Amino acid sequence: MAYNEAARQHFASELTATREAGLFKDERYIHSAQGAEIEVEFPAGSPPKKVINMCANNYLGLSSHPEVIGAAHEGLEERGYGMSSVRFICGTQDIHRELEESITAFLETEDTVLFPSCMDANAGVFEAILGDEDVIIADRLVHASIIDGIRLCSAHQDSFKHSDMKHLERKLELHQDKRFRLIVTDGVFSMDGDLAKLDEIVDLAERYDAMIMLDDSHATGFIGKTGKGVHEHFGVLGRMDIITTTLGKAMGGASGGCVSGRKELVELCRQRARPYLFSNAMPPVIVAAAQRVVDLISQTTERRDKLEWNAGYWRQGLSDIGFDLRPGESPIVPVMLYNAKLSQDVSRDLFDEGIYAVGFFFPVVPKGQARIRTQLSAAHDKEHLDFALEAFRKVGEKHQILGLKKKDIIARFGA
Ligand SMILES: *Cc1c(COP(=O)(O)O)cnc(C)c1O
């Protein structure tokens, strides 16, 4: 069928409906490198304005770190720009393998295979290792890419209520007849910033003979004493069978992901995972920069320590001012506003005060749980945070929401 008038009208009306439902996502153009301070064009067409970025995944402040940029230049100069091949044909340089080995050492796993992204790692891993005699039991709030990956696999699919260990246990009991059971969870859940109960999951996995897959995208590099992730935080290093994670957040923030874990499972991904076999190899510029990131975070915990301090200071500061926060211990600090329009108004007012923090509402978070998700970075200095706290205070006063709890805010603004 041609792209005729009826087709055009159909697709245009889908977009109109999205807009009318208030779900249209407008992108804002940034005119600078990623960092604690960025220059943002907002609204579109206005001259870029310098603001403090409070919503990047640049947890360790490495996205524009001079050493990382330097390593990227070296990678580009020495190994060229593009691989022009998938890994198994002629797309594997020695530096790809070295990076895999460094990540293995850092995460304390057995082996690692790189993917173009963590989305691709999650899309490929399940189908590569499990079949219809097996079951995947996933936390109900796992990342979208895990949900997609599970759909591509013929294993039975089940889920447990978010972080509900009793429910997980019931599901494990239920599936004792399957060949293999795989429990799947995010390490840090990105919308609330809460951590999976990995110590309890390890116990259950042992008791009910299950394997564990951890997606540590929002943790690798900074959660745990030396930043290895949520498995380090809970003292269960070496107990994860599969870890997937991204290089697109704390680890330099460009792109790339991996599957790390038991060596047989990693090798099966190399042999069978479709995004690995059929998508181009990671370019040397990113491999070289990512290698420097792994080296930097293996040498010192300075950045993750600063991030931890920043997160504590920020959380305490917002709480003292009177904002309603989701409790937690990660550098994701959600400021709860419940009402979608309020979250947009507060975000806009914060921008006027020099703070960039986007408001999230349905369907990114459940209805009636709109929020401003703030994220800390080791790139933030105390001065940035003090400035931002003052801006939040001012905007909170303007909307008269300071000191209000959930039911008060919903009573005033609606859910
Ligand atoms: C960001 C994220 C991903 C996707 O990572 P990319 O490398 O950007 O594809 C996967 N899983 C989780 C939990 C994430 O937070």
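How many residues of domain 1 are in contact with how many residues of domain 2? In this predicted model, 16 residues of domain 1 touch 17 residues of domain 2, where contact means heavy atoms within 4.5 Å. Local features require pLDDT of at least 70 and side-chain atom pairs count only at pLDDT 80 or more, whereas totals for chains, interfaces and linings use all residues. Residues are numbered from 1 along each chain as its sequence is written, and side-chain values use heavy atoms, with hydrogens and water left out.

Domain 1 comprises 24–53 + 302–413, and domain 2 comprises 66–299; these bounds come from an automatic or database domain assignment. The centres of the two domains, taken over C-alpha atoms, lie 29 Å apart. Together the domains bury about 1200 Å², with 56% of this area on carbon and sulfur atoms. Buried area is the accessible area (1.4 Å probe) that two parts lose on being put together, summed over both. Of the area that domain 1 buries against domain 2, 39% is supplied by Arg304, Glu329 and Ile332, more than by any other three residues.

The interface of domain 1 and domain 2 contains 2 salt bridges, each defined as a side-chain nitrogen of Lys or Arg within 4 Å of a carboxyl oxygen of Asp or Glu. Arg371 forms a salt bridge with Asp192, and the closest N and O atoms of this pair are 2.5 Å apart. On the side of domain 1 that touches domain 2, 8 residues are nonpolar, 2 are polar and 6 are charged. In this classification, Ala, Val, Leu, Ile, Met, Phe, Trp, Tyr, Cys and Pro count as nonpolar, Asp, Glu, Lys and Arg as charged, and the others, Gly among them, as polar.
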